[in-house]
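Please read them beside the structure.

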Amino acid sequence: MWCSELLLTLLFIIKDASCQWNVWVPRDISAMTNSCVVIPCTFMYPSGVRPYRGIHGIWYFGQPYPQLFPPVVFKTRTDVVHESYKGRTKLLGDLNQRNCTLLINNIGTEHSGRYYFRADLGGANMYTYPDFAELKVLDQPSIDVPEEIVSDENLELTCYAPDNCPEMVPEIQWMYTDYLPDPEFSTDYLEESNTAVLSSTLTFVPRPMHNGQLLGCRVYYPNTTLVYERLVSLDVKYAPRSVWVNVSSEVMEGSSVVLHCEVESNPVSRISWMFGDQELLWDTASNISLSLDDLTPAQEGIYTCVGDNGYGMMNTSLYLAVKYPPREPVVNDSMIVSEGTTLNLHCSTQGSPAPTLTWLKDGQLVGTITADELSVLEIAKISPQGDGQYRCLAENEHGRASSSFNITVEYAPVLLEESKCTVVREGVQCVCIATGNPEPTIEFYLPDLNITINETDGRFNFYTHTDGHTSTGMIKLREKGERVDNGGPAVNVHCGFYNSYGRESVLLELQQEKKYMMAVIVGTIGGVAVIAFIIAAVRYVGHNNKKENGNPRQEVVLENPALYYSAVKKDKQNLRKKVLKTELLGSKFNSILEETTGEDGDYQPVGSMAGLEKQELNYAALEFIGARPREGASGRGDDGSNYTEIKAK
């Protein structure tokens, strides 16, 4: 019915056309395998041509020229056709009505191709029309899929089934739509170029999860076993939805690390590794790896992986920590400051993890320990005790480093307690010790004489010595002063000391006088006791000798006898030789101390027994010089025995 109406319409359209050889057939027509297809056809011929013995027609396949012997699909004059069309073709139109519509049953894919119609009006009036109908035999329905499916945008998929077989009407179903979000279905019937197509449209909004999902369209003909299916895989485009990278990590300086990045997107993204604004590596792929070798602290920081596929961009970052021991701290330069100055000492370093900073002065802890890369030590109004070496020690779990500098504190001189005057054998010895920076200059002032001593003259020795910041000055006054009311010598010596920061003069006090007098007294008593012991021992030994020899007692008279003894210290050092001249038997003692000087050149205290104060008697030798026997005494006067040796241990 629909075909007849279509042909009438075509006839009216071409009625006014010039009567030439002309044909109308659908340019494209399709059918499902094992179904049928009707190819609508209308032809024209010149009005001056009169059919001779009727109008005949021939359908060719593939070629319009008989001389090329194309396969015959249908022929009205005879049943001779190509074997692939035997029993399958039928002319539905009336050639006398210029209707050349052809029916082909049970078609297969081998029947796809071009079909040409040839009109035979008798005699020489035969004409093969160059226009053709191209038949497409389908073994599955077609699905119209958009060139681009974008996530979160509305999507329409249309399934088509040809309806060009009057005997069978197709129906369409969608498959695998159960998990689609709110799918919608619609059906439409399309007629174009004298062909009919049934369509079904599926509408939904795809998500990234639907990428790669299969959807199917099923075409079937009721009351038949003919079923046709078509499956499509959705290619859903979406921006990067995840960017996976390594977790933030810690590595040691000088080691190597590999940073991985994987981006999920469709299509694959352009992946790049960024360090700050610097692009280190890129590739168009699903994953990428960045290798970092021989790491330095400068490479510590945030590394970002960026994925961009044109539909969107996404990035993920990680922090790479490069651990290393502290660097050598940067500290102040060595400095010279004045006493009372307030200082801020700075120490800065780098290390990972952040090092602890400790201040040390001459190896001792000062200030507080700071867990940072900068430490400031404040010294308020520095004193001379602040002079020394300052060290900043930086430590973390990977090592330590330190830097040091010196602070020199300059200050006015200060007199030390050891400064004093002391009585010595020939007078008074005064020592003045002062410390300061710069080292002080020392001089002595004698107010009584109104002179300032800074060099040696005939009456005293002047001596100075400097050791670091300490200066020592010493003078020896060779004349003793007048006695004052308290019995001590009159000592009026001032010590003057000065440097660029100040000058001061102090009266030196006389010390150790009582100790000196006591030493003289004890020494005198001790000396007398030792001499008495020696005399008694000599007489005792002489008496025993007379008894043993049987000689009568003789009295011995010494003329100007001299007693010599020597005392030897146990330590065998600093020997002192003393000579005593004495008259025995009640004569008074006269003693002369032979003066000697010790190794250090200092004068020793003066006293009768001063040389015996600190000595221990190990032996004594007595020698009687010029001895003669008393009258009436008998003894061994010619035996050559001039002395007796007594050893006391």
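**Notes on the model**

1. Asparagine 499 sits in strand β42 (residues 494-499); strands (E, at least two residues) and helices (H or I, at least four) are DSSP runs, numbered from the N terminus. The model is predicted, so local features need pLDDT of at least 70 and side-chain atom pairs count only at pLDDT 80 or more, while totals for chains, interfaces and linings use all residues. Residues are numbered from 1 along each chain as its sequence is written, and side-chain values use heavy atoms, with hydrogens and water left out.

2. Asparagine 499 is buried, at a relative accessible area of 12% (buried is under 20%, exposed over 50%, partly exposed in between; 1.4 Å probe, protein chains only). A polar atom of its side chain lies 2.9 Å from the backbone oxygen of proline 438. The side chain of asparagine 499 also reaches the backbone nitrogen of tyrosine 501, at 2.8 Å.

3. Leaving aside neighbours within four places in sequence, asparagine 499 is in contact (heavy atoms within 4.5 Å) with residues including Tyr411, Gly436 and Pro440.

4. Serine 249, in strand β21 (residues 249-252), is partly exposed, with a relative accessible area of 26%. Its C-alpha atom is separated by 8.1 Å from that of leucine 318, 69 residues apart along the chain.

Technical notes: Polar contact = N/O pair within 3.5 Å; in protein donor to acceptor, adjacent residues only side chain to side chain.
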